[in-house]
Each structure stands twice: as structure tokens, then as C-alpha cells.
Amino acid sequence: MSVVWDRRRTAWAAGWRAFAAQRSGVAGLALLGLAVLVAVLMPLLTGADALNVARVVAPAWEPPGSGHLLGTDHTGRSVALLVLNGTAVSLLVGLTAAGLSVAIGTLIGVTAGHFGGWWGALLMRVTDFFLVIPALVLAIALSSVLPRGMGTIILAIALTSWPSTARVVRAQTLAVEARPFVERARALGGGHLHVTGKHVLPAVLPLVLVNTTLTVAYAIVAESTLAFLGLGDPTRLSWGSMLHQAQLQGAVSKEAWWFLLPPGLGIIAVVLAFTLVGRALETVINPRLRG
Amino acid sequence: MRIAGKLGGAVVSLSMVVVLGFFLFRVIPGDPVVSWTRGRPTTPEMQAALRAEWGLDKPLPQQFLDYLGKLLRGDMGTSFTYSRPVLDVISERVGPTLLLVGTSTLIAVLLGLWLGIRGAWRRDSRFDRVSTGVALTLWSTPTFWLGMLLMMATGDLFPSRGMRDTDTAPGFFSQAVDVAHHLVLPSVTLIAVVYAQYQMVMRSSLLEELHASYLTTARAKGLRDDLVRRRHAVPNALLPVLTLVFLHLGLVVAGAITTETVFTWPGLGLLFYEALTGPDYALLQGLMVVTAGAVVVMNVFADLLYRVLDPRVRAA
Amino acid sequence: MRAKVLRLAAAIIAVTITSPFTSPPSAMAQAQPPVTLKVAIVQQIDSLNPFIAVFQSSTEVGRLMYDYLTAYAQADQKVVEGVAKTWEPSPGKLTWTFTVPDGKKWSDGKPLTARDVAFTYNLMLTNEVARTANGSFVANFESVTATDDRTVVVKTKAPQITMTALDVPIVPQHVWESVTDIKNYANDQVPVVGSGPFVLTEYKAGEYIKLKANRSYWRGAAKYDELHFVYFKNADAAVQALAKGEVDLVNRMAPAQFDSLADKENVTRNKAQGRRFNELLINPGAQTRTGTPIGDGNPALRDVRVRRAIARAIDLDALVKRVNAGYAEVGTGIIPPVFPKYHWEPSAAERRTFDAAAAKAELDAAGYPPKDGVRLSLRLLGRAGRAYDEQASEYLKQSLADIGIKIDVQLVSDDQLNQTTTAATYDLAFSGWGTNVDPDFILGLHTCGQRPGADGTGGTTDSYFCDAEYDRLYAQQLSEFDEAKRVEIVKAMQARFYDQVPSVVLCYENALEAYRSDRFSRFPVQPQTGGVIMAQNGVWGYYGAEPAAQSASSGSGRSWLGIAAGGVVVLVAAGGWFVARRRRATAEERE
């Protein structure tokens, strides 16, 4: 058994080296690390009353410079503090939704690939259907009929973005199961759980990882879009809800670029970071892209 | 045989759209009569009459059959907001969306292809790096945010709303210029966000083609590089991108919702947003069935197109 | 291959650009360009059919198209001539006789008579669909008859105080008698025959509504030619359009938007008193008309002392200052100060001033001492996407936390909020109402009879207030035709409401409007001081607008650079097509 683990460890190490060779991927990873750090630390560093609208004393719509690095919003709160504190919810929604989405996709993909037959065909039919339907439109529809809240947003994004993962995972499952060592395992009496758990899952894991990073990117943009359309949870501070507020309170008329730019740039930075990491991982897994 | 299978699949998908529409907007939200009568003075008798008229007093399976029957006759019910048939409300908004989405997709595809081809051909050159970086950044940008920024940044250059002014001279040319003038900001927004995918796919598709052995042969024959590119590699790499255009139409539709909302472009996306603020469940249901249905049909079309264009698939 | 794609592309552009112009161009072959007032509206039009339209935007357009039986004066909102010039109640106030003078005409030239009035009301009495929008006005009618072309007699089942405030558009009998299916009648066959100062000439859903001045309007034609309502989904865009000169008049602005126009050249702002109030509902133990409790409101709120403590813990001045940026008046009675006759202000003794310590003492006295700092846990419901609710909820959460009440803020969709208040499954909730010149509606809303029926439906109240004293006063004012006495009763009702606190009136928001003073020099506001231009109890703002002496052409705000860009797009499309054709030709030659 330890031989297997050793082999896997060397494989992962080689993968890491291939990843580290790509500058954009490493840059993305560093950016992500920074974002996570901000998300974890900011709530601890921010004073209890700094973001409490009933407690702040600064005038509303202050442009940057006058005591506030990025100015203030419509209630007099510091935009810089808002953006930094909004990181947590944006990341949380993105990661949770992507995790859930990829879990669903993996489950369906592995099941469809492993069992095949009409059951697999049916699952793929459903997958194809959800692949075709515009995911965001469906997510909007879902969050408009379900009660408002962060849970709804996560659910709506996850339930509409899993099909691409399912497709990729199914293809990989089929490829893995065709390999001799899986056939051997099966001949030796390995049950479904054994085959999928010990052989298929580890083999599809790298792919799943790639898909997760790309789905997080999608989920963060989707969260901001839902919030902009008024389907978010305005009681929670996220980049999406900040932009929603900016739009509601007339930031464009006020030409309050300091309220509009930072949350959007935050989204771009994190989404870009996830995309870069995802692409670098993709290159590691699929050496043909490396050329 | 495979075409028949594809068509069958599309029919299955379409019926799933229909079922989903019923489930999402009829089963989950509860009583539409309560939604419809909001803000209007009603008596319990009136509500009961409405319920009977809409068939809501029947059991759910019967309601589903009625919904199906009506749908087949082109009846998608009555919009709560506009008190008019949903299909009428939708059909008058199709034109502007086709114009916006059509123009934007077209330009985005052309731009994406051009950048993708150049990038792949001069792989890892400064041009490739910069254009890939720009594309990925724009791809990561929320559409509505970009729209709002553009509106703020362009100041007086472009109109802030809609598809035309109310007092433009009636002649064709002045009307066309007016519409084009209004089209600039929304289409630039939409193009900026969607072109990256075409560029990326074209680039990687062309890179794969460049590895193919026949190109080496062609070069060995002494053909000039740009000829090799234009005559052999590009046409072959183009195929996956063309199908992608249709596959990703759903994404463009989603982008249209926010773009049209920001710029009050009088199309389906704006209608969708308006239906959300009610929410007007009958209209939402109609919109979802129509847009999802259109995307399904487009995909079948893409598949057929692929067959026509690529002899290898046709033979298989 | 490439040529093919290009050619296809160019063809698609050409087709799509031409497709929206299938409608025939309107005939505007005048040498002099018409003077047009362009108004930005941020609410869509739900219907042009006056019997069905309920949105404020639609009723406003309806008023421009159709006169009501009576109107409200611009200066003081007194009842003045509408379709009817004079009216006379019988001694028992059960029969009202209205006289329609000779000489009034429909926009198609046909005479406007008492028979049209009778037709309209009778249509509403006999057709349920026709009662959709304004049914409440005729609910108490016994019969309506036109005894001749000039006289219409309305008999009511009980005395009705709103007989000179019937906000129902009067429609032409000769057009509407052939309408069989009112529900599906869109009323968009232009020009739509009407009696108001403007005639509808074009409507494009989601885009605009065009009206032109009714030259034969009985008060005299408006001082300009056309009135366009241009739809904006995005209020920011509307404000920018005003700054650029694309539109001439904007309302419903957020404070920041209003402020942003402060120093803009050629823009005049109008800060007016609004007709709405915002309130915080406190579930007083909701019951149906039959007295069965419904919903799951916190039982502590049934105690008036708890409700008073909550009201006392809210600093209304701070709320107005921070949430409304000062653009509101602090709330007291349920009739806004824009109606000074009926508006009520508490005396010094009655007034509940903000006092957290006193609120805590009241809660102690009521038997709610703090346990681990928390006395009560309440839900606060508001509408997501409504700026006021989103912001005020944060303040209320903090204010109530200060007196030991823990608040769980839930911002939900319009629909969910409505369902929750209908089912009374709330503790605290944001609400608000617009009020009319006659206070009957808003007062009646809080009577016991407005609670839902035994099956939990059919109610209009959302406060679930039921108070014997209040109801007694309500019945009394309803039959009090002496105005001074009625005013006293109405004020007493508001005092009772304030004292019992089924809801805290938080503020009366200002209506924030602005217009292009280089295009229009003056707009009549209603009422004369602090009045509004748009959303009036009438159409004076639009009807009486005066074009500026040297009215700049409406296209002046448009930039030539932008036009050029538009032109370039068209040219590129055409050029692309041309090049593609040529390419194809040469490609054939080459190969």
C-alpha cells in the first residue's frame, strides 16, 4: 500500500514542480493566499463600530484622501474597510458554491461513467440538458422563487454550474476504468465502492481540482450579478452587495468612482487569480497544452 | 441516424425545459392569485373566480396537463404585471435583443478569432501575453459593473438609455445612425466580456492544429508560413470555435440581462429583470421557456452546422 | 471561408439594423420642429387601459388622457371643475347630481356629455374586470343615471364622503361601448380618443410613450406640442440624461442623485413634500375580522407599553438625517404635512421624544427585564432592493439593541413581504402608503373591518389595528359633512393611532425632482408651496409647463462625436459587406 502512496506523492510533487514553473499560476496562487489572509484577518482587525452605520460619524460620500484612504460610502463608512471586509463573504460564497457544485458534478460524473448503461445514459441526458440551459438564467430563476439569503445564492449557483464537471469527470472515469489495473482490481473481487473509491476517485481528483478553481471564478461573478439584480442578501457585506448599494444609492450620478471601483476590482482580482491557477493546473494535467 | 438521435435529444431537452418551467414558477412560489391581486382591491369572491379561471382549483397533475395543452397552442398565460398574454409581451421585445446579442456576438467572434489566431501563431510573444492577459481580465469582469463604469466614463459621448431617441427624424438613415449610436455602449460592454472565450478556444485549437503532422508536410513541401496558416491550419481550427459560438449563446443571453438592465435596452433581458422585481411568475416562466428553448434549438443547429462544415464528422 | 463568414456577418448586421423600423414613421412633416417636453420615468407602464392600470406611472398617463369627474386645484388642492362643473348633494347625502357643461369635446370632436359619465360608472358597476383598478370608488354606488346630456345622478347606498374625489377616468361611450373584452383591451389604437390635455399617439413597451397636446382641450391647449415619457430602468442613467440634456424632467431621485445636480448648469431642482409616509409596523397581535388570532407575532407586542417603548427607542431625527440625508420630515400622524388641513402634530405632552433610558424603564415595568442583556428577540422584515428598508434596518437594529431588543433583519422580495404581512407572520416590518387629498382611504385602512375575513384573505390592512375608539371616530367623520368638525375628528383619530402605536410613522420622504431650465422656464407645482411637478393630484405640472423663451433644440445635449461613432459603426458594417463581396469575387478569380 505504501508503494502506492509513495508513487502518488511523487506524482503530486512532479505536478507541483510543473505548476511552479508557470509564473501566472504562481502569481494567481499568491494573490489567492493574500485574499484568504485578508478574509480571515480583517474581521479581527476591524473595530466593532467601524462598519456600524448607526455609530459612524464621518460624512457620507467623502472622496478619497480626506482621512479615508478610499473615501466613504453613502452612510459614511470607509470604503477601504468595506472592501476588505467584503472579501470573506465573496470568497465564502464562491468556495462553498463551487465545492457543492463540483461535489454534485463528481458524484454524477463518476456514477454515470462507472455504472454506464441506461442509468448512465439518463444521467448524461440530464447533464447535457443543464449544460445547455443558460446557467445564470436558471440561477436567477431559482433565487427569485426561493427565500432570500446566502444559502439560496449558494444553492442556486451550485445547482446550475455542476454539468461541466460531470462531463469531464465521466470521460475521465471511463478512461480510468478501461485501464488494466482497474480490470485487475475488479477481477480480484473489488466492489463498486472499492473501484470507485480506491482507483477512480484518486485519478479524477486532479481534474476535479481544476474544475473547482474555475467554478469558484464563475461563482464569484455569479454572486455579484445576483446581488446586483437585487436577489442577494443585502444584510451581508460582500462585494456584490456593495455594488448593489452603489447602484441603489446613485453612485454613478454622484460620480463616486471610489465606491464603484474597489469592489469591482476586488472581484476581478480574485476571479482572475482563480482562473490563472485553474489554467496552470490544466496545463499540468494536460501536458499537450504545455507544448 | 445520429442526426435523428440529436433531434430526439433536443426534443427531450425541450420537454425538460417545459417541466422545469412549470415546477419552478408554478409549484415552488405558491399561490399566483395572491401575487396578482397585490395592491389591488379584491374580494375573496374575485380571488376564487380568478383561481377557477386559471385552473388553480384543480389538482396539480391536471394543472400540468392544462399548462402543457395551452403551451402547445402557444398560450403561456397572462402576465401579472401587464395583464396581457405572456407571448405578446415577449414577442415585442425579441427584436432589440436579437440586434444587441447578434451584433455583439458577431463582433466578439471576429475579434476573438483574430486575436486567437495571432496569439497562437506568435505563441509567447509579447502580443500573445498581453492579449491573453487582457482577455482573461475582461472575462473576469462582472458585466453590469463594466457597463456602469463605461456609462460614467464616457460622459456625453453616448446616450444613457434605450435603443433610440423619441424625436429622431423618421428617415431610414437617421434612424439607423440613431440606433447604432445607442448600440455602442451596450454592445461594447457585452463584447468585452464575451470575446475572451472565443479567443482562448481559437488559440488552443490552432495550437493543436499546428502540432498536426500534415502541417509539417505542408511546410516541407515548401509552402510559405502564412499560406500554411491561412489555407490549412486556420480553417480546421475554426470548426470547434464555430460550434462554441452556439454552445455559449446561453452565456451571452445571461450577459444581456445585466447589460440591458444597465442601459435600459428594451429587449428580453430588461423584461426578465422587470419580471423579477414583481415577481411576475407567469412572465418569468414564459421567458425561461423561450430563452432556454431557443438555446436548445440553437445547439441542434450548431450540431447540424458542424456536420455540414466538417466532412470528417459527416462521414462518421 | 473567411469571406463567407464576413459576408454572412455583414448580412446579419444589415438585416438586424433595419428590422426595428417596421413601424411606419410618424407624420411630422412640419417645417418648425415641435416643442417637446421629455420626461424620464423609472417605473414601467403596466397597462394603458384605465380600468386595469394600477401602477403610479400608468395612472399618471391616464390622467393626461382622460379627465376625472372633478379635479383638484393646483394651488391648494381644493375640488374644482373636471368633467362636471357643478354638483349638488341631496339633503340626506344619498343622491348627488352632477352637471356637465355644454361645449366639452372628446379629442375626436364628438361632444363629451353626462351620458359618458354614466356609461363609465355603469360599466364599472356591471363589469367586474372594469373594477380592477378603481373599484373601491363605486363599491357604495346604488345606481348611476344620465337624465339628459348635461345631468348625471348618482345614488349611493350610504353617505359617501369621497363623492367629489372620485379618481376614475371618464371614458368615451362611443369608443368603449363596442369593447367586449375589457381585460384584453390594450387601449393602444392611436390616437386614443380622450378628454384630457394630451392625446396618446405612440407607445413602445419598455421604451417610450408619446402624447401630443389636445388642441381642443376645454381649459385651452398646453403651451407646447408634444409630451414624451422616456423609460429608464436605471435611475442613475435618468439623472445623467438630465444633466446631458437628453430629458427635461426627472423625479424619484435618491438624495445622492439630487445632490449631484446641485451645481449643474441649466438644471433647476425641486425639493417637494411627498404624499407618502414610511412606517414601521409593530404586530399588535393580528386577528381576523371574527377575532381569531392569526400569524405568529411575538406576544409581547400585544402590550401597548412594549410598543411604546420600541417607538421611544427610535431616534427619528437621526434616522431622517442619516438615512434620508435630510430629505424627509420626521413622522408623526398618518396624514403627511403636504395636506396641512388634516395633518396632525402631537402636543408637547403627547410627543414621544427619543429616550433610550425611558424605553428601558417602560420595558422593565411591562415585565421584560434583560436576561444576559436581551429582553426580547424580534424579526424585522423589509423589502430587499428598497434603499430605505436596506439602510434604515441597520439603524433600527442598533437602536433596539441599545434597549436590549435583539433584531433579526430579514430583507425579502416584494412578494414575500406581501405574503408575510398578509399572514401576519412578522414582529416588525417596514411599510408605507401614499395618501390622497381626502383622508378617508388611509384612515379606513386601520379599522377593524379591514382585517382579513375568517379564511385569512380579503384584508387590506397590514397593521392589524383594531380599536373601538378609533373605529367610533372613523364612523363619526364619515358622516360629518361640516369640514371643520371633520378635521377635528380626523386629528383625534391620528392622535389615538399615535398613542396606541400599531405602527411608528418614521418619516415623510421628500419628492426630489429636477428639470432643464434652459428648455422649460416654469412648471406649476401642486400645492403652491413645497409642491411636486410630477405625481400630482392632477396634471398641472405637465399641462402648465412653460417652454423657455429660446428653447434649445432637444438634440443639443447630444454629442457629435458620439453620433460620429454611431455612424462609423454603420459604415464599418456596410464597408465590411462591400469588402466581403469584393473578396469573394477576387478569390474566385484567384483560384
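## Contact between chains A and C

In this predicted model, chain A gives 18 residues to its contact with chain C, and chain C gives 24 residues. On the side of chain A that touches chain C, eight residues are nonpolar, eight are polar and two are charged.

## Two packed helices in chain A

Two packed helices are described by the angle between their axes and the distance between the axes. In chain A, helix α6 (residues 150–161) packs with helix α9 (residues 192–228) at an angle of about 130°, and their axes are 10 Å apart. That angle makes α6(A) oblique to α9(A). The crossing of α6(A) and α9(A) is right-handed.

From α6(A), the residues that meet α9(A) are A:Ile153, A:Ile157 and A:Ser161. Their partners in α9(A) are A:Thr215, A:Tyr218, A:Ala219, A:Ala222, A:Glu223 and A:Leu226. By class, the residues of this contact are six nonpolar, two polar and one charged. An α-helix has 3.6 residues a turn, so residues three or four places apart point the same way.

## Annotated spans in chain A

An unreviewed UniProt entry gives the annotation "transmembrane region" to residues 26–45, 200–221 and 256–281 of chain A. In the model, residues 26–45 of chain A are 100% helix and 0% strand, with end C-alpha atoms 28 Å apart. Residues 200–221 of chain A are also 100% helix and 0% strand, and the end C-alpha atoms of this span lie 31 Å apart.

## An enclosed helix in chain B

Helix α12 (residues 268–277) of chain B has ten residues, of which eight are buried, so this helix is largely enclosed by the rest of the structure. The buried residues of α12(B) are B:Leu268, B:Gly269, B:Leu270, B:Leu271, B:Phe272, B:Glu274, B:Ala275 and B:Leu276.

What do the buried residues of α12(B) pack against? Within chain B they pack against α5 (86–121), α11 (249–263) and α13 (281–309), and in chain A against α5 (135–145).

## Overall make-up of chain C

Chain C has 17 helices and 20 strands. Of its 591 residues, 50% are buried. Among the contacts in chain C with a separation of 6 or more, 68% are between residues 24 or more positions apart.

For residues 78–440 of chain C, an unreviewed UniProt entry records the feature "domain: Solute-binding protein family". Over this span chain C is 25% helix and 23% strand, and the end C-alpha atoms are 16 Å apart.

## Backbone exceptions in chain C

Most residues other than glycine have a negative phi, and most peptide bonds are trans. The peptide bond from C:Val190 to C:Pro191 is cis, with omega near -10°, and C:Pro191 sits in the loop between α5 (173–176) and β8 (198–204) of chain C. Another cis peptide bond joins C:Gln526 and C:Pro527, with omega about -5°. C:Pro527 is in the loop between β19 (520–522) and α16 (540–543) of chain C.

C:Asn266 has a positive phi, near 65°, and is placed in the loop between α7 (255–260) and β12 (267–273) of chain C. The phi of C:Tyr464 is positive too, near 55°; C:Tyr464 lies in the loop between α13 (440–444) and α14 (468–478) of chain C. Is each of these two residues buried or partly exposed? C:Asn266 has 15 other C-beta atoms within 10 Å, which means that C:Asn266 is partly exposed. C:Tyr464 counts as buried because C:Tyr464 has 26 C-beta neighbours inside 10 Å.

Key:
Residues are numbered from 1 along each chain as its sequence is written. Chains are lettered from A and ligands numbered from 1 in the order in which they are written. This is a predicted model: local features need pLDDT of at least 70, side-chain atom pairs count only at pLDDT 80 or more; totals for chains, interfaces and linings use all residues. Two residues are in contact if their C-beta atoms, placed from the backbone, lie within 7 Å. Ala, Val, Leu, Ile, Met, Phe, Trp, Tyr, Cys and Pro count as nonpolar, Asp, Glu, Lys and Arg as charged, and the others, Gly among them, as polar. Axes are lines fitted to C-alpha atoms, for helices over the stretch in contact, and angles run from 0 to 180 degrees between N-to-C directions. Helices (H or I, at least four residues) and strands (E, at least two) are DSSP runs, numbered from the N terminus. Angles under 35 degrees count as roughly parallel, over 145 as roughly antiparallel, 65 to 115 as roughly perpendicular and the rest as oblique. A crossing is left-handed if the near helix is turned anticlockwise from the far one by less than a right angle, and right-handed if clockwise. UniProt positions are given in the numbering used here, feature names are shortened, and annotations may be inferred rather than shown by experiment. A residue is buried if 20 or more other C-beta atoms lie within 10 Å of its own, exposed if 12 or fewer, and partly exposed in between; C-beta atoms are placed from the backbone.
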